[in-house]
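Good morning, and thank you for joining.

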Amino acid sequence: MEGKAISKGLILGLILFQTAFGKEVCLSELKNPYPDDYLDYALRRTVEMAFLQAGERLRCGEGSEKVSVEVLEYKDIPTGLSPFQRINSYNLLLSFELKTQSKSYKYSVAVPYFLPSGGQGDLPKRSALEDALGIIYPRLIEDLSRR
């Protein structure tokens, strides 16, 4: 029991140490040619969380490493029809590039989603976007931790 408490304390201490002395990163630019504000929000939030989890600090100031994110592709591809001959299922394609001062990383994913009725608006698409970013997130953390 004591061994688990000690190792949890050491891990927590290591995370706090990394955060306190990690590099400062500034997400200076998010280029999104697609008119979707939720994409901007969700992508920025995901990238910022990944940097924090990788032990970096978010701060835009003198000496901070400038990072930019560019959305390369964001589109829906129809994949199915309802009994009333209306498109009701799609594949959401998302690809983006994360550029640091020293490296560039590209991520791409396709996620299916379904529109049972028009009354739900864009909630299924937003949910698919969250799923897509959730799939990319572990790879993003791994890449940022290795750099």
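Let me start with L129. Setting aside residues up to four places away in sequence, L129 touches Y38, L39, A42, Y74, L92 and L94. Please keep in mind throughout that this is a predicted model.

L129 is also among the residues with the most contacts inside the largest nonpolar core, together with L43, V47, V69, L94, F96 and L98. That core has 34 residues. At least two residues each are supplied by β1 (24–31), α2, β3 (65–81), β4 (87–99), β5 (104–114) and α3. Which element gives the largest share of this core? It is α3, with 9 residues. As a general remark, nonpolar side chains tend to be buried together in soluble globular proteins.

I turn now to the helix pair. Two packed helices are described by the angle between their axes and the distance between the axes. Here, the axes of helix α2, residues 37–53, and helix α3, residues 123–146, come within 9 Å and cross at roughly 25°. With that angle, α2 is roughly parallel to α3, and the crossing of the two is right-handed. On the α2 side, the contact is made by Y38, L39, A42, L43, R45, T46, V47, M49, A50, F51 and Q53. On the α3 side, R126, L129, E130, L133, Y137, L140, I141 and L144 take part.

Leaving out residues up to four places away in sequence, I135 touches V109 and V111. I135 and V111 are 24 residues apart in sequence, and their C-alpha atoms are 9.3 Å apart in space.

Next, a residue of strand β4, namely N88. Is N88 buried or exposed? Its relative accessibility is 13%, and N88 therefore counts as buried. Beyond its neighbours within four places in sequence, N88 is in contact with G80, L81, S82, Y113, F114 and L115.

Finally, the chain as a whole. The protein chain contains 3 helices and 5 strands, and from the N terminus on its elements run α-β-α-β-β-β-β-α. Of its 147 residues, 37% count as buried. Among contacts between residues at least 6 apart in sequence, 64% join residues at least 24 apart.

Definitions and conventions: Residues numbered from 1 in each chain as written. Predicted model: local features only at pLDDT ≥ 70, side-chain atom pairs only at ≥ 80, totals over all residues. Heavy atoms only, no water. Axes fitted to C-alpha atoms, helices over the stretch in contact; angles between N-to-C directions. Helix = DSSP H or I, 4+ residues; strand = E, 2+ residues; numbered from the N terminus. Parallel < 35°, antiparallel > 145°, perpendicular 65-115°, else oblique. Left-handed = near helix turned anticlockwise from the far one by under 90°. Contact = heavy atoms within 4.5 Å. Core = buried A, V, L, I, M, F, W, Y, C linked by side-chain atoms within 4.5 Å. Buried < 20%, exposed > 50% of the residue type's maximum accessible area, 1.4 Å probe, protein only.
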